[in-house]
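Thanks for asking me to look this one over.

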Amino acid sequence: MMRTLCILFVVMVSVSCSPKLSPDAAWARQRWVVTEMKGIPVQLSGGRRDAFIRFEHVEKRFTGNGGCNQLNGSYALNKKNIKFGQVVSTKMNCEDIAFESTFLDLLNKVDKFEQKGNDLYLKRKKEVLLVLSAR
């Protein structure tokens with residue numbers, strides 16, 4: 001006599017009602033260092049004077065350094081669109097103030113983003129203006 005043994009597994013599936021996280025939620029744990037401006041690699045010192053941004057995703061604010069001055073401001077994010085606004089900086093005059101001025105000018109022109117691994121591409125339409133790398 002052959003017996004067939006049937007075992008029934010009941011799998012309980014839990015469905016979460018939490019909202020989908022915005023891409024900038026993961027950005028908040030990183031220091032995003034400027035590694036390229038308009039296709040030109042940026043020479044990095046590895047020190048505190050490298051231009052960078054830190055995102056505060058809950059408040060939609062950012063802080064950072066332009067290479068000379070401390071920066072902060074707001075940003076708005078919608079799908080693949082990003083817009084930086086209300087950028088405020090300290091007013092120290094440094095040797096490389098031209099670099100910082102270019103960085104801030106480009107930041108104000110950004111309207112789109114794309115993330116590939118640890119790199120964040122900030123664009124105007126399809127043109128890559130800035131590349132930031134998570135450090």
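1. Strands S8 and S9 (residues 127–134) pair in the antiparallel sense over six bridges; strands here are DSSP E runs of at least two residues and helices H or I runs of at least four, numbered from the N terminus, and two strands pair if DSSP finds at least two bridges between them. Asp-119 faces Ser-133 of S9. The S8–S9 hairpin has two residues between the strands, and Lys-125 there takes a positive phi near 60°.

2. A word on provenance: this is a predicted model, in which local features need pLDDT of at least 70, side-chain atom pairs count only at pLDDT 80 or more, and totals for chains, interfaces and linings use all residues. Residues are numbered from 1 along each chain as its sequence is written, and side-chain values use heavy atoms, with hydrogens and water left out.

3. S8 (residues 119–124) also runs antiparallel to S7 (residues 112–116), joined by five bridges. Lys-112 stands opposite Lys-123 in S8. This hairpin, too, has two residues between its strands, and Gly-117 takes a positive phi near 60°.

4. The largest nonpolar core has 27 residues, and Phe-55, Ile-82, Phe-84, Phe-103, Leu-122 and Leu-130 have the most contacts inside it. Such a core is a set of buried Ala, Val, Leu, Ile, Met, Phe, Trp, Tyr and Cys residues joined through side-chain atoms within 4.5 Å; buried means under 20% relative accessible area, exposed over 50% and partly exposed in between, with a 1.4 Å probe and protein chains only. Helix H2 gives the most to this core, with five residues.

5. Seven aromatic pairs are counted, where rings of Phe, Tyr and Trp (its six-membered ring) pair if their centres lie within 6.5 Å, with planes under 30 degrees apart stacked, over 60 edge-to-face and the rest tilted. Trp-27 and Phe-113 are edge-to-face because their centres are 5.1 Å apart and their planes at 90°. Trp-27 lies in helix H1 and Phe-113 in strand S7, so this pair ties together parts that are 86 residues apart in sequence. Trp-27 is buried at 0% relative accessible area, and Phe-113 is buried at 4%.

6. Tyr-75 and Phe-84 make a tilted pair, at 6.3 Å centre to centre and 40° between the planes, and both are buried.
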